[in-house]
Amino acid sequence: MLISMRGLLTRFTWLTAIILVGAFFATTASAVRITLDRPGDREFVRDQADMLSPQSEERIKQLADKLLTEKATPIIVITIESMANHGGADMRIETFTHFLFDQWEIGIREINGQQWNTGILLLVSREDRKARIELGAGWARDKDNLCQQIMDEQIISRFKTGDFDGGILAGV
């Protein structure tokens, strides 16, 4: 089978472009560093923006500990003043939480040889007026609608009345 020089060049050009684009995104993702220290084992809450009462923080820890123990599913709750303070200036919250989730390696990647990661990250950025629930790959896209419902009905509805503490607790 004869391949014309032009056809060969076109295939080579496309293949080269695909490789370069892939390398660019891989380099960009690894170059982004969110400057938040990873929580320790069973440290489920980091309230850096001081949005939670001690009672709510304790309740979240209890719920998160039970979820991790019974379902091998960690949930981490983080409040920050702003994404810009942590390397996320001009970044969308979806991107910020995705990078943070991966950087912290939230969740158990595999159980008994099967993909598992059902980790959950709830991040609230006070000054940005943004919140996001990021799910591990084990959830696939199955729970995206449920997360949006939790954001709308539990978290954001309370945030609108100034009840940040109650919104975060209800979201968990």
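Guide: Happy to. Let's begin with a residue on the outside: Asp50 counts as exposed, at 62% relative accessibility. One thing to keep in mind throughout is that this is a predicted model.

Visitor: Where does Asp50 lie?

Guide: Asp50 sits in the loop between β1 (45-47) and α2. Its backbone has a positive phi of about 50°, although Asp50 is not a glycine.

Visitor: Let's step back. How many helices and strands are there?

Guide: The protein chain has five helices and six strands. Going along the sequence, the pattern reads α-β-α-β-α-β-β-β-β-α-α. The chain has 172 residues, and 35% of them are buried. As for contacts with a separation of 6 or more, 58% are between residues 24 or more positions apart.

Visitor: Now a helix, please. How do I read which side faces inward?

Guide: Here's the general idea: an α-helix has 3.6 residues a turn, so residues three or four places apart point the same way. Now try that on helix α4, where Cys147, Met151, Ile155 and Phe159 are buried.

Visitor: What do the buried residues of α4 pack against?

Guide: They pack against β5 (120-125), β6 (130-135) and α5 (164-171).

Visitor: And where is the kink in α4 centred?

Guide: On Met151, one of the buried residues. The helix covers residues 144-159, and the kink is about 35°.

Visitor: What about pockets? How does anyone find empty space in a model?

Guide: Rolling a probe the size of a water molecule over the atoms shows where empty space is left. In this model, the largest pocket has a volume of about 760 Å³. It is lined by 30 residues, and those closest to its centre are Ile93, Ala131, Arg132, Ile133 and Met151.

Visitor: What is the volume of the second largest pocket?

Guide: About 330 Å³. Of its 16 lining residues, Ile75, Ile120, Ile150, Gly171 and Val172 are the closest to the centre. At least two lining residues come from each of α2 (54-71), β5, β6 and α4, with α2 giving the largest share, four residues. The lining here splits into 13 nonpolar, one polar and two charged.

Visitor: Last stop: is Ser125 buried or exposed?

Guide: Ser125 has a relative accessible area of 1%, and the cut-off for buried is under 20%, so Ser125 is buried. You'll find Ser125 in strand β5.

Visitor: Which side chain does the side chain of Ser125 make a polar contact with?

Guide: That of Asp128, at 2.5 Å. If you leave aside neighbours within four places in sequence, Ser125 is also in contact with Ile80, Glu81, Ser82, Met83 and Lys130.

Methods. Residues are numbered from 1 along each chain as its sequence is written. This is a predicted model: local features need pLDDT of at least 70, side-chain atom pairs count only at pLDDT 80 or more; totals for chains, interfaces and linings use all residues. Side-chain values use heavy atoms; hydrogens and water are left out. The bend at a residue is the angle between axes fitted to the seven residues ending there and the seven starting there. Buried means under 20% relative accessible area, exposed over 50%, partly exposed in between (1.4 Å probe, protein chains only). Contact means heavy atoms within 4.5 Å. On a 1 Å grid over the protein atoms alone, a cavity is a set of points where a 1.4 Å probe fits but cannot get out, and a pocket is an open set with protein on both sides within 12 Å along at least five of seven lines; lining residues have an atom within 4 Å of a point. Grid points are joined across faces, edges and corners, and a volume is the space filled by probe spheres set on the points. Ala, Val, Leu, Ile, Met, Phe, Trp, Tyr, Cys and Pro count as nonpolar, Asp, Glu, Lys and Arg as charged, and the others, Gly among them, as polar. A polar contact is a pair of N or O atoms within 3.5 Å; within protein, one must be able to donate a hydrogen and the other to accept it, and residues adjacent in sequence count only if both atoms are side-chain atoms.
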